[in-house]
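Here is a short note for a colleague who is opening this structure for the first time. Please keep the sequence and the 3D view at hand while reading.

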Amino acid sequence: MSIRVTLIPGDGIGPEVVNAAVEVIEAAGCKVEWERAAAGASAVPTHGTPIPAETLQSIRRNKLALKGPLATPIGEGYRSANVALRKEFDLYANVRPARSFAGVETRYSGVDLVVIRENTQGLYSGVEHYIDDERTAAESISIITRKGSERIIEYAFNYVKQNKRRRLTLVHKANILKCTSGLFLETGRGLAAKHPDVEFKEMIVDNCAMQLVKNPNQFDVLVTTNLFGDILSDLTSGLIGGLGLTAGANIGKQAAIFEAVHGTAPDIAGKGVANPTAVMLAGVIVGAIAAAELANLPGVRSAVEAAYPAPALSSFRPGSTLGSYDAVGAFGALTFALALAIAASRWRGYPRLWLTVVMAAGLVGAIASQTWAALAVLPIITLIVVAFARSIPRELAIAAAQYAFRQAARQEQLRVYELAG
Ligand SMILES: NC(=O)c1ccc[n+]([C@@H]2O[C@H](COP(=O)([O-])OP(=O)(O)OC[C@H]3O[C@@H](n4cnc5c(N)ncnc54)[C@H](O)[C@@H]3O)[C@@H](O)[C@H]2O)c1
């Protein structure tokens, strides 16, 4: 027996990544009958609309769809086909997990959080217009209802419980948007009282963005309104390595559409470099729902993860990271600590004890940072310092340390610019 699923390849990199996902799911032995359907910009020339009626009928019939990204004209043209699909099937819960891959090097390790975004209301309600023909000003209306807030926040509380999570953070901007965001927050506080077994926190969205970048591991599940969720979930994708790795689910009572979080990536479409991981993971969930008992789907997640092997201690690479330190950062910090120790030892008269302690700490740091640079250079520096500790002028040691520290800070800054593109 097989189960029928609507398959929308979509635009840009969509067909490349969706076809790769289908291949993997079928190879895993999952008996899904894919019903291909058109949507997005690629559907306009053939069907005259970005959401053909046949596509809607297919989703209505199958209740389950795997979708590639759909292009939306920017600043003009027809409304987003994605938004329209979510509205059509009332897919009110957009679930976007971000979980680190052991082998994908990013600034953070062990990230495991989920953004649950209200998917049908807020500033994406589509109620906006120019106030005159000259386009001198424009208005957009954010619609938030108590019912809409209740169902998404209730969904989030249940998600926490069912998935054995511990904490729910409601993200809002009720200090400024007192009615819309205020209603969402008020609803959340009311529901929190009904779920005393879930730790409930609230956070203003701008602070949340900063906290996510500073320490993502403090978060577990986040629930928020449409626009904030859209932005924050791209941010959380970035924390684990990028949009190519993050799958998302659009869930309603009548249907569910699974997809990658990313868009059509026109800059890389057709070049064969798009990462299919995100849509593969979305496909795994579709397959699991469709035919879990027939397939070896958990094996697909493991196989995808195996494509990103964690670096072993035996494969040190220059520039690999320890938290936010890079090789030069770790080296500079250690040299700085050594120089301070020399200075302190002069005053206290226990140079060897101090140096031994610092050397041991430095060695542990170097091993943990998994960098050849730190490992190779540290013992040499330490030996020189131990040998000449008493003869190096203190000012020279401090000046050398300050130089190393400045270089380290500069490298760190360059790295930030590099990451920012
Ligand atoms: N769910 C959806 O269908 C969806 C989501 C977001 C954007 N869009 C649409 O996509 C179009 C382009 O939007 P955008 O450029 O802002 O966002 P985008 O997600 O398409 O691209 C952002 C960046 O991420 C990179 N990227 C995205 N997916 C990747 C992958 N699988 N592998 C490697 N790199 C990847 C791109 O190359 C680009 O540099 C717009 O028309 C937008 O409306 C659709």
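1. **Ground rules.** Two residues are in contact if their C-beta atoms, placed from the backbone, lie within 7 Å. This is a predicted model: local features need pLDDT of at least 70, side-chain atom pairs count only at pLDDT 80 or more, and totals for chains, interfaces and linings use all residues. Residues are numbered from 1 along each chain as its sequence is written.

2. **The chain overall.** The protein chain holds 14 helices and 12 strands. Helices (H or I, at least four residues) and strands (E, at least two) are DSSP runs, numbered from the N terminus. The protein chain has 421 residues, and 41% of them count as buried. A residue is buried if 20 or more other C-beta atoms lie within 10 Å of its own, exposed if 12 or fewer, and partly exposed in between; these C-beta atoms too are placed from the backbone. Take the contacts in the protein chain with a separation of 6 or more: 73% of them join residues 24 or more positions apart.

3. **The sheet.** An open sheet of 10 strands runs in the order β2-β1-β3-β12-β11-β4-β5-β10-β8-β9, and its pairing is mixed. Two strands pair if DSSP finds at least two bridges between them. Which strands stand at the edges? They are β2 (32–36) and β9 (199–204); each has a single partner strand, so one side of each is left without a neighbour in the sheet. On average, neighbouring strands of this sheet are turned by 25° against each other, direction ignored. Helix α6 (residues 180–194) packs on the sheet and touches β8 (167–172) and β9. The direction of α6 makes about 160° with that of β8. Axes here are lines fitted to C-alpha atoms, for helices over the stretch in contact, and angles run from 0 to 180 degrees between N-to-C directions.

4. **Strand β5 and its partners.** Strands β4 (residues 93–99) and β5 (residues 112–118) run antiparallel and are joined by 7 bridges. Arg96 stands opposite Val115 in β5. On the β10 side (residues 221–224), 4 bridges join β5 to β10, and these two strands run parallel. Ile116 has Val223 in β10 as its bridge partner. Arg117 stands opposite Thr224 in β10. β5 is mostly covered, with 6 of its 7 residues buried.

5. **Strand β10.** β8 and β10 run parallel and share 4 bridges. Thr169 stands opposite Leu222 in β10. In a regular strand the side chains alternate between the two faces of the sheet. In β10 both faces are covered: Val221 and Val223 on one side, and Leu222 and Thr224 on the other, are all buried.

6. **A closer look at Leu222.** Why does Leu222 count as buried? Because 26 other C-beta atoms lie within 10 Å. Leaving out residues up to four places away in sequence, Leu222 touches Leu113, Val115, Ile116, Thr169, Val171 and Leu232. The C-alpha atoms of Leu222 and Arg117 are separated by 8.2 Å, although the two residues are 105 apart along the chain.

7. **A helix pair.** The axes of α7 (residues 205–214) and α8 (residues 226–240) come within 10 Å and cross at roughly 10°. That makes α7 roughly parallel to α8; angles under 35 degrees count as roughly parallel, over 145 as roughly antiparallel, 65 to 115 as roughly perpendicular and the rest as oblique. Val205, Cys208, Ala209 and Leu212 in α7 meet Phe228, Leu232, Leu235, Thr236 and Leu239 in α8. This contact has 8 nonpolar, 1 polar and no charged residues. Ala, Val, Leu, Ile, Met, Phe, Trp, Tyr, Cys and Pro count as nonpolar, Asp, Glu, Lys and Arg as charged, and the others, Gly among them, as polar.

8. **Two backbone points to check.** Most residues other than glycine have a negative phi. Arg135 has a positive phi, near 55°. Arg135 is in the loop between β6 (122–130) and β7 (138–143) and counts as exposed, with 8 C-beta neighbours inside 10 Å. Lys164 also has a positive phi, near 50°. Lys164 is in the loop between α5 (146–162) and β8 and counts as exposed, with 6 C-beta neighbours inside 10 Å.
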